[in-house]
Amino acid sequence: FALVALFILMIATINYMNLSTARSARRAKEVGLRKLAGGQRRQLIGQFLTESTGTVFLAMVLALILAHFLLPFFNTLSGKSFETDALFHWSILLLLLLATPLIGTLAGSYPSFVLSSYLPVKVLYRDTGGVRSGFILRKILVVLQFSISIALIISTLVIYFQWRHLSHMDLGINPEQIVIASRPSNGYETFKQEVLKNPQVRFVTSSNKRPAGRLTSNLGYTAEGLPEDAGKSIKIVTVDFDFFETLENTIVAGRSFSTDYSMDSVTSFILNETAVKDIGWEDPIGKWFQTSTLDPETNNWKDRRGIVVGVAEDFHFESVHNTIQPVCYFVDNYWISWMSIKIGTEDVENTLAFLENEYLKVHPEGRFDYSFYEDEIEALYLSEQRFFRLFIIFAILAIFI
């Protein structure tokens with residue numbers, strides 16, 4: 001944005017130089033008469049630079065007034081919280097006052113030197129060779145303006161296509177109609193059984209990591225075929241049954257966790273595709289794997305060893321800006337914090353009220369604070385959306401100027 005602001009300032013400065021040079025023919029006689037009356041070239045240069053600096057000063061005052069009234073709109077658009085007082089802080093005003101003569105000198109430099117170089121005799125006989133030289137410069141400056149504008153247009157298109165790709169890319173899951181809430185410390189199983197009786201509730205599951213949040217649990221592991229000192233680490237996501245079904249994440253090999261297998265809550269693992277590649281397995285199903293988990297009795301780490309029963313398709317648990325990491329999933333009823341509830345599209349308001357009512361039955365001292373997975377994902381890319389909108393506005397402004 002600082003670079004775009006500089007481009008806008010450059011385009012505006014070039015505009016002033018072009019317009020001043022184009023008007024040089026009108027002021028040629030004025031320059032000739034001043035020189036005949038004894039005016040020195042340095043005096044003429046000083047006059048024209050003073051005019052351009054005065055114009056820039058008036059523009060600065062107008063810019064401050066506009067910024068004052070447009071700041072609330074800018075804050076809404078950008079998600080910032082700048083206050084009007086910041087515009088009139090002494091450091092900002094000092095910067096503007098120092099920039100004014102600098103920009104004024106830059107904008108008025110060429111016109112002042114062109115106009116002050118006219119010879120009185122040639123001017124009065126309508127021989128303004130300087131006008132032709134000014135026309136050549138204007139051509140160069142116009143090309144520079146168009147070059148900047150084209151660069152901004154290309155940048156805008158690149159950002160647009162990146163944003164379009166970001167907003168339409170396949171995340172590897174279906175976040176629609178998934179309600180996220182904290183898991184009740186007691187009575188979760190009762191809550192799950194009761195809400196599943198409602199036909200509008202499709203799945204209920206849990207995990208230690210909030211969907212669309214950060215994967216912060218990183219533990220060491222060993223696996224079949226790896227040397228003991230391999231020093232590998234993996235992201236851990238503890239889950240309840242129906243986790244992959246709720247997110248509609250595909251199991252590309254083996255099977256998902258199931259209550260039909262009593263050992264799934266004790267020794268089974270599911271790895272994502274990246275983890276399998278990191279280990280180097282061609283056929284991971286049935287291979288042994290060992291990492292750590294929390295002991296519910298001591299709240300200390302203990303070994304968890306078992307076999308891999310499935311491979312889950314890679315998906316972006318975090319923002320797409322983060323590279324997909326090796327992830328290990330296993331069922332755990334102690335180290336777990338968040339619920340994900342898949343609901344239908346009909347009568348959403350009453351379904352949410354039903355969920356809250358059942359939640360308070362098992363956790364009366366708590367609050368059913370929820371959000372939708374879609375909104376969580378959208379929030380991850382809100383800054384990109386704001387960036388895209390602001391860049392479009394500034395690019396249009398630059399091209400308009």
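Tutor: Asp 240 touches Tyr 188, Lys 192, Val 204, Thr 205, Ser 206, Asn 333 and Ile 336, not counting residues up to four places away in sequence. Contact here means heavy atoms within 4.5 Å.

Student: What kind of model is this, and how are things counted?

Tutor: This is a predicted model, where local features need pLDDT of at least 70 and side-chain atom pairs count only at pLDDT 80 or more, while totals for chains, interfaces and linings use all residues. Residues are numbered from 1 along each chain as its sequence is written, and side-chain values use heavy atoms, with hydrogens and water left out.

Student: Okay, back to Asp 240: where does it lie? And is Asp 240 buried or exposed?

Tutor: Asp 240 lies in the loop between β4 (232-239) and α9 (243-247). Helices (H or I, at least four residues) and strands (E, at least two) are DSSP runs, numbered from the N terminus. Asp 240 counts as buried because its relative accessibility is 2%. Buried means under 20% relative accessible area, exposed over 50% and partly exposed in between (1.4 Å probe, protein chains only).

Student: Switching to the core: which residues touch the most other members of the largest nonpolar core?

Tutor: Those are Phe 257, Tyr 329 and Tyr 373, out of 37 residues. Helix α7 (residues 129-168) gives the largest share of this core, with five residues. A nonpolar core is a set of buried Ala, Val, Leu, Ile, Met, Phe, Trp, Tyr and Cys residues joined through side-chain atoms within 4.5 Å. There's also a second, separate core of 19 residues, which includes Tyr 221, Ile 279, Leu 294 and Val 308.

Student: And what is Tyr 373 in contact with?

Tutor: Leaving aside neighbours within four places in sequence, Tyr 373 contacts Ile 173, Pro 175, Ile 178, Ile 180, Pro 211, Ala 212, Leu 247 and Phe 315.

Student: Now helix packing. At what angle do α1 and α13 pack?

Tutor: Helix α1 (residues 2-22) and helix α13 (residues 382-400) pack at about 15 degrees, with axes 9 Å apart. Axes are lines fitted to C-alpha atoms, for helices over the stretch in contact, and angles run from 0 to 180 degrees between N-to-C directions. So α1 is roughly parallel to α13, given that under 35 degrees counts as roughly parallel, over 145 as roughly antiparallel, 65 to 115 as roughly perpendicular and the rest as oblique.

Student: Which residues of α1 and α13 meet?

Tutor: Val 4, Ile 8 and Ile 11 in α1 meet Phe 391, Phe 394, Leu 397 and Ala 398 in α13.

Student: How about α12 against α13?

Tutor: Helix α12 (residues 373-380) packs on α13 at about 50 degrees, with axes 4 Å apart. That makes α12 oblique to α13. Glu 378, Ala 379 and Leu 380 in α12 meet Leu 382, Ser 383, Glu 384 and Gln 385 in α13.
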